[in-house]
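My notebook is open and I am ready to look around. I will take one spot at a time and jot down what I find.

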Amino acid sequence: MDDDGAMGLALDEARAALAHGDVPIGAVVLAADGRLVARRHNEREHLGDPTAHAEVLALRDAAAALGSWRLTGASLVVTLEPCPMCAGAAWAAQVGRVVYGAADLKAGATGSLYNVAVDQRLNHTSDVRAGVRADECAALLTSFFAGLRPT
């Protein structure tokens, strides 16, 4: 599966988060052979868990599906640039690639504020591809937050 198609699945997941009032962020994990092994969306509100970000949930599911916490060669595809926690989870899982849609100028940790994915001081780095279907990803978030603001 290519990055555009994977981002389409991540966008579907992001929309699913709206059903329970979570910020619409979706993530998928592709195995090294391009096969979809996990797809999740934010569930912080739903689960009452501050760590229930789409990326963390998807990485957990991918590790279970593949039978190993080492996701070497896998791709994490997410609608919003990963935060420090999620970039750290991708680092810990040793994913090969991080692909994201919209940049997160307030908390992005794969290029915007920090870049955990390519920090040579760490024992693992990942390739990063930014901006895949960025306009669609950003529009979903903008619409969600606009609905929270009083008019």
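**Entry 1: Glu43**

I started with Glu43, which counts as buried because its relative accessibility is 10%. Buried means under 20% relative accessible area, exposed means over 50%, and partly exposed is in between, using a 1.4 Å probe and protein chains only. I found Glu43 in the loop between β2 and α2 (44-47). Helices (H or I, at least four residues) and strands (E, at least two) are DSSP runs, numbered from the N terminus.

Before going on, I noted that this is a predicted model, where local features need pLDDT of at least 70 and side-chain atom pairs count only at pLDDT 80 or more, while totals for chains, interfaces and linings use all residues. I also noted that residues are numbered from 1 along each chain as its sequence is written, and that side-chain values use heavy atoms, with hydrogens and water left out.

Which side chain makes a polar contact with the side chain of Glu43? I found that of Arg40, at 3.1 Å. A polar contact is a pair of N or O atoms within 3.5 Å; within protein, one must be able to donate a hydrogen and the other to accept it, and residues adjacent in sequence count only if both atoms are side-chain atoms. Leaving aside neighbours within four places in sequence, Glu43 is in contact with His20, Asp22, Gly48, Ala52 and Leu57. Contact here means heavy atoms within 4.5 Å.

Next I looked at β1 (residues 26-30). Five of its five residues are buried, so the strand is largely enclosed by the rest of the structure. I checked both faces: Gly26, Val28 and Leu30 are buried on one side, and Ala27 and Val29 on the other.

How many bridges join β1 to β2? I noted five, and the two strands run antiparallel, with β2 covering residues 36-41. Two strands pair if DSSP finds at least two bridges between them. Leu30 has Leu36 as its bridge partner in β2. The hairpin of β1 and β2 has five residues between the strands, and there Gly34 takes a positive phi near 90°.

I then turned to β3 (residues 75-80), which is joined to β1 by four bridges and runs antiparallel to β1. Val78 in β3 stands opposite Ala27.

**Entry 2: on to β4**

β3 and β4 run parallel, joined by five bridges. In one of the pairs, Leu76 has Val98 in β4 as its bridge partner. Five of the six residues of β4 are buried, so I wrote the strand down as mostly covered.

**Entry 3: the largest nonpolar core**

A nonpolar core is a set of buried Ala, Val, Leu, Ile, Met, Phe, Trp, Tyr and Cys residues joined through side-chain atoms within 4.5 Å. The largest one has 37 residues, and Met7, Ile25, Val29, Leu59, Leu71 and Val95 touch the most other members. Among the elements that each supply at least two residues of this core are α1 (3-17), β1, α3 (54-66) and α5 (134-148). Which element gives the most? I found α1, with six residues.

I took a second look at Leu71. Not counting residues up to four places away in sequence, Leu71 touches Leu59, Ala62, Ala63, Leu66, Ala93, Gln94, Val95 and Gly96. Gln94 lies in the loop between α4 and β4, and has a positive phi of about 60° although it is not a glycine.

**Entry 4: two more stops**

Is Asp61 buried, partly exposed or exposed? At 28% relative accessibility, Asp61 counts as partly exposed. I found Asp61 in helix α3, and leaving aside neighbours within four places in sequence, Asp61 is in contact with Val37, Ala38 and Arg40.

My last stop was Tyr114, in the loop between β4 and β5 (127-130). Tyr114 counts as exposed, at 51% relative accessibility. Its contacts, leaving aside neighbours within four places in sequence, are Pro84, Gly108 and Ala109. I also looked up how far Tyr114 is from Leu9: the two are 105 residues apart along the chain, and their C-alpha atoms are separated by 26 Å.
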